[in-house]
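Subject: Structure handover

Hi,

Here is the structure for you to take over. Please load it and read the notes below alongside it.

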Amino acid sequence: MTDFLSRARELDAADTLAPFRERFVIPDEDLVYLDGNSLGRLPVSTRERLHQAIDEWGGDLIRGWDRWITLSREVGDVLAGGVLDAAPGDVVLADSTSVNLYKLAAAACAARPARHVIVTDDDNFPSDRYIFQGLAQARGLELRVVKSDIDLGVSVEAVREALDEDVALVSLSHVAYRSGAVADMAAITAAAHEVGALTLWDLSHSAGAVRVPLRSARVDLAAGCTYKHLNAGPGAPAFLYVRADLRRELRQPIWGWFGQRAQFDMAAEYDPMDSIDRFQVGTPSVLGAYAALSGAKLTAEAGIGAIAEKGAALGAYAIEVSDAWLAPHGFTLASPRAGTRRGGHVTLHHTRAWQFSQALRAAGVVPDFRTPDRLRLGFGALYTRFVDVYAGLSRLRDIAEAGTHLEFPEQHARVT
């Protein structure tokens with residue numbers, strides 16, 4: 001029988017990212033946190049920087065804007081150079097992911113006025129689909145929904161079948177929120193370009209977890225959040241990416257003074273900047289931007305290559321343990337098995353997944369639940385150890401063997 005605990009300890013001893021765990025606030029070492037793909041842990045540097053920022057506000061008052069006003073671009077450049085395959089000036093921090101998706105989707109459709117179709121998939125994150133539904137209804141467009149595999153993600157072939165000369169925009173998630181399946185960004189982008197369509201990628205579950213080949217795949221547009229694998233905190237600002245040669249062509253629909261040329265001239269007419277800043281709208285969240293900057297710097301320092309490799313290894317270990325311990329209790333893998341096809345989380349299917357998720361929380365393990373009947377286990381590579389995965393799955397096995405999950409009600413409440 002495999003000694004999974006010894007294996008976990010060996011893997012932790014060889015982990016080059018292990019020292020980064022000490023740079024996060026972890027007040028309870030007994031708590032097994034396996035939901036970093038919903039909300040990352042708090043970096044120590046972020047706590048310190050936010051205290052400093054509050055003091056700046058108290059002492060500098062309005063004078064602080066001399067340096068605060070450039071924070072959105074500063075964060076964007078760190079993300080571009082250290083987290084995403086992009087260049088400085090390609091990315092800016094702004095608004096929320098949903099707002100950024102709306103801005104970019106509307107701009108893309110306006111840039112293809114003779115085309116009338118938006119393509120997405122049926123397992124894309126609900127907010128993304130709602131935005132496209134609203135945009136299609138408001139502008140008389142067709143929303144063409146591609147069938148995807150709930151566990152294995154959307155295929156290049158399925159997207160290609162939905163493409164024709166009437167498609168203006170293809171928008172998908174790079175990493176599926178439910179299963180963690182990684183879409184083939186390069187092949188899908190190339191297929192969209194073959195028919196003259198633009199692409200818009202949601203990077204919320206991929207930024208900070210896997211390699212994101214924006215430049216090499218010739219991606220047109222992208223948006224994502226900073227509070228998951230980038231550890232910027234609850235409600236932290238999002239970011240967006242626009243390919244350099246498209247910036248002057250696209251005019252986003254929300255015209256605000258942070259996108260205006262010569263902003264403080266207070267001109268009566270809107271004249272957007274040529275840079276990525278034209279996709280900003282209003283005054284940025286300074287405290288949120290400092291948190292995003294700290295998280296992005298930490299990720300860039302560790303290196304996205306090393307993070308992606310450890311994330312894949314954590315997932316592979318979790319799958320191996322699950323096959324041995326949990327499959328006999330009715331659990332099945334609801335994620336791609338291959339590490340190259342899987343993001344920073346592993347999902348398990350069980351008809352009583354909601355009850356297991358509640359029993360795990362009672363046992364000091366924080367997982368996530370997603371419909372239908374899925375237990376989602378997220379691994380923050382900078383702070384999750386292999387022994388944490390061992391402990392979490394060991395407690396899950398004990399719950400299954402004892403049947404204590406049956407003490408919890410079958411229905412589930414709203415989960416963010």
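Below is what came out of the analysis, from the overall fold down to one helix.

Please keep in mind that this is a predicted model.

Overall shape and make-up

The protein contains 12 helices and 13 strands. Its radius of gyration is 22 Å, and a compact globule of 416 residues would come out near 22 Å, so the two agree. The C-alpha trace spans about 70 × 55 × 40 Å along the principal axes. Buried residues make up 58% of the 416. Take the contacts with a separation of 6 or more: 72% of them join residues 24 or more positions apart.

Surface and charge

The accessible surface is about 17100 Å². Carbon and sulfur atoms hold 53% of that surface. On the charge side, there are 43 positive and 53 negative side chains. The centres of the two sets sit 1 Å apart.

The cores

The largest nonpolar core has 50 residues. Leu 84, Leu 203 and Leu 214 touch the most other members. H9 gives the largest share, six residues.

Leu 203 is worth a click. Leaving out residues up to four places away in sequence, Leu 203 touches Leu 84, His 174, Met 185, Val 212, Leu 214, Ala 222, Ala 223, Gly 224 and Phe 239.

Helix H11

H11 covers residues 353-362. Seven of its 10 residues are buried, so the helix is largely enclosed by the rest of the structure. Those buried residues are Ala 353, Trp 354, Gln 355, Phe 356, Ser 357, Ala 359 and Leu 360. What do the buried residues of H11 pack against? Their partners are strands E11 (365-366), E12 (368-370) and E13 (374-378), plus helix H12 (386-402). Just after H11, Gly 364 has a positive phi of about 85°.

Over to you.

Best wishes

Notes: Residues numbered from 1 in each chain as written. Predicted model: local features only at pLDDT ≥ 70, side-chain atom pairs only at ≥ 80, totals over all residues. Heavy atoms only, no water. Core = buried A, V, L, I, M, F, W, Y, C linked by side-chain atoms within 4.5 Å. Buried < 20%, exposed > 50% of the residue type's maximum accessible area, 1.4 Å probe, protein only. Helix = DSSP H or I, 4+ residues; strand = E, 2+ residues; numbered from the N terminus. Contact = heavy atoms within 4.5 Å. Rg over C-alpha atoms; globule rule 2.2 N^0.38 Å. Areas by Shrake-Rupley, 256 points an atom, 1.4 Å probe, with all protein chains shown as cover. Lys, Arg positive; Asp, Glu negative; His and termini not counted. Charge placed at Lys NZ, Arg CZ, Asp CG, Glu CD.
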